[in-house]
Amino acid sequence: MKKEQFLITGGTGKTGRRIVDRLQKLGHAVRIGSRSAQPSFDWNRPHNWPEVVKGIDYIYITYQPDLAVPGAKEAIAELVRVSKNAGVKKLVLLSGKGEREAELCEEIVINSGIDYTIVRASWFNQNFSENFLLDSILDGVVALPQAHVKIPFVDANDIADVVVEVFLNDAHSQKIYELTGNELLTFKEAVDTISEVTEHDITFIPVSLEEYSNAMREMQLPEDFIWLIDYLFEVVLGNPENSIITNDIENILGKKPISFMAYAQEVSKTNIWKNTAVKA
Ligand SMILES: NC(=O)c1ccc[n+]([C@@H]2O[C@H](COP(=O)([O-])OP(=O)(O)OC[C@H]3O[C@@H](n4cnc5c(N)ncnc54)[C@H](OP(=O)(O)O)[C@@H]3O)[C@@H](O)[C@H]2O)c1
């Protein structure tokens with residue numbers, strides 16, 4: 001296949017680096033879009049985006065920190081404008097499942113005049129092993145709100161496989177996909193699975209949304225970060241539609257989504273969870 005130039009924003013992150021890896025193995029030319037890349041790409045500094053996008057045919061857009069935050073719409077609109085000027089052929093946008101604010105960003109991509117696919121994802125398995133919840137897992141105590149909510153966790157490897165497929169196959173043009181795993185787990189069930197496969201004690205403590213926000217304030221985390229976490233737990237996890245399992249991964253890839261157990265078993269073979277307290 002002809003080598004075409006891909007720009008993968010978030011190309012060192014959870015989904016981005018897996019997409020970069022897959023495209024490079026297929027022989028494609030890939031440019032990483034992140035603050036540490038050369039040329040540097042920063043969502044807050046659009047002045048050099050024409051340079052970053054120059055010569056690019058396909059862009060994977062994964063916005064930081066989340067499409068729901070103030071300023072996201074404007075940034076997506078600017079990247080779309082720059083992409084159009086540069087003759088980009090296709091945009092694949094990673095979006096959140098059941099987020100109204102994210103849908104406003106999706107509409108900018110859909111109405112861009114550039115070919116597109118929208119990929120809405122549920123919570124990633126990798127939140128437990130690649131930042132966010134990793135420190136709690138290593139501490140052996142995970143305290144989270146919305147303990148009753150059943151979540152169709154999705155694996156970043158499945159998302160990467162889907163994104164590569166939709167880039168390379170025009171049948172996925174102008175489609176909106178919703179990616180979930182094929183089982184519903186509470187946070188406690190997910191943590192218990194990690195505890196089982198690592199044979200480490202990890203305690204789950206249910207807390208209220210208010211207790212969780214207060215704890216973040218006591219840790220002096222920035223207010224905009226607290227706002228986003230509150231939003232993700234209250235609005236996104238609180239939306240019953242986000243507990244619905246979809247068949248999109250199986251329909252696109254022709255295989256079942258990776259289960260949370262299989263994910264946990266893979267991670268437990270690495271050093272990532274090695275420092276957790278050993279079971280008495
Ligand atoms: N995590 C989930 O469960 C989940 C679920 C659904 C949707 N999403 C969406 O997925 C996206 C990624 O979220 P994530 O939390 O999983 O992060 P992630 O993909 O692991 O993000 C890290 C990547 O973003 C880059 N980055 C960070 N700040 C940046 C900035 N200001 N400008 C440009 N690049 C920046 C990092 O590289 P540098 O540090 O080098 O810049 C790195 O490549 C978000 O839009 C989120 O809403 C996440």
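In which hand does H8 pass H9 in their crossing? I will start there, then go to the chain as a whole and a few local features. Please keep in mind that this is a predicted model.

The answer is that the crossing of H8 past H9 is right-handed. Helix H8 covers residues 209–218 and helix H9 covers residues 223–236. Their axes come within 10 Å and cross at roughly 160°. Angles over 145 degrees count as roughly antiparallel, so H8 is roughly antiparallel to H9.

Which residues make the contact? From H8 they are Leu209, Tyr212, Ser213, Met216 and Arg217. From H9 they are Glu223, Phe225, Ile226, Ile229, Asp230, Phe233 and Glu234. By class, the contact of H8 with H9 has 7 nonpolar residues, 1 polar and 4 charged.

Between H8 and H9 there is a loop, and Gln220 lies in it. Gln220 is not a glycine, yet its phi is positive, about 60°. Is Gln220 buried or exposed? Its relative accessibility is 72%. The cut-off for exposed is over 50%, so Gln220 counts as exposed.

What does Phe233 touch, leaving out residues up to four places away in sequence? The list is Trp123, Phe132, Leu144, Pro145, Gln146, Phe187, Leu209, Tyr212 and Gly238. Leu209 and Tyr212 are also among the H8 residues in the contact with H9. Take Pro145 from that list of neighbours. Phe233 and Pro145 are 88 residues apart in sequence, and their C-alpha atoms are 7.2 Å apart in space.

Now the whole chain. How many helices and strands does the protein chain have? There are 11 helices and 8 strands. The radius of gyration is 19 Å, close to the 19 Å that the globule rule gives for 280 residues, so the chain is as compact as a globular protein of that length. Along the principal axes, the C-alpha atoms fill a box of roughly 60 × 40 × 35 Å. Of the 280 residues, 51% count as buried. If you take the contacts with a separation of 6 or more, 79% of them are between residues 24 or more positions apart. The pair of Phe233 and Pro145, at 88 residues apart in sequence, is one to look at on the screen.

Next, the other end of the sequence, with helix H1. H1 runs over residues 16–25, and its buried residues are Gly16, Arg18, Ile19, Val20 and Leu23. What covers them? The cover includes strand E1 (5–9), strand E2 (29–33), strand E3 (58–61) and helix H6 (156–168).

H1 brings Arg18, Ile19, Arg22 and Leu23 to the contact, and H6 brings Ala156, Asn157, Ala160, Asp161, Val163 and Val164. In the contact of H1 with H6, 6 residues are nonpolar, 1 is polar and 3 are charged. Arg18, Ile19 and Leu23 are also among the buried residues of H1. After H1 comes Gly27, which has a positive phi, near 90°.

Last, some backbone details. Most residues other than glycine have a negative phi, and most peptide bonds are trans. Where are the exceptions in this model? Gln220 I have already mentioned, with its positive phi of about 60°. Gln174 also has a positive phi of about 60° and is not a glycine. Gln174 sits in the loop between H6 and strand E7 (175–179). With a relative accessible area of 55%, Gln174 is exposed.

As for cis peptide bonds, one joins Gln38 and Pro39, with omega about -5°. Pro39 is in the loop between E2 and helix H2 (49–53). Another cis peptide bond joins Gln64 and Pro65, and there omega is about 0°. Pro65 belongs to the loop between E3 and helix H3 (72–86).

Definitions and conventions:
Residues are numbered from 1 along each chain as its sequence is written. This is a predicted model: local features need pLDDT of at least 70, side-chain atom pairs count only at pLDDT 80 or more; totals for chains, interfaces and linings use all residues. Side-chain values use heavy atoms; hydrogens and water are left out. Axes are lines fitted to C-alpha atoms, for helices over the stretch in contact, and angles run from 0 to 180 degrees between N-to-C directions. Helices (H or I, at least four residues) and strands (E, at least two) are DSSP runs, numbered from the N terminus. Angles under 35 degrees count as roughly parallel, over 145 as roughly antiparallel, 65 to 115 as roughly perpendicular and the rest as oblique. A crossing is left-handed if the near helix is turned anticlockwise from the far one by less than a right angle, and right-handed if clockwise. Contact means heavy atoms within 4.5 Å. Ala, Val, Leu, Ile, Met, Phe, Trp, Tyr, Cys and Pro count as nonpolar, Asp, Glu, Lys and Arg as charged, and the others, Gly among them, as polar. The radius of gyration is taken over C-alpha atoms; the globule rule is 2.2 Å times the number of residues to the power 0.38. Buried means under 20% relative accessible area, exposed over 50%, partly exposed in between (1.4 Å probe, protein chains only).
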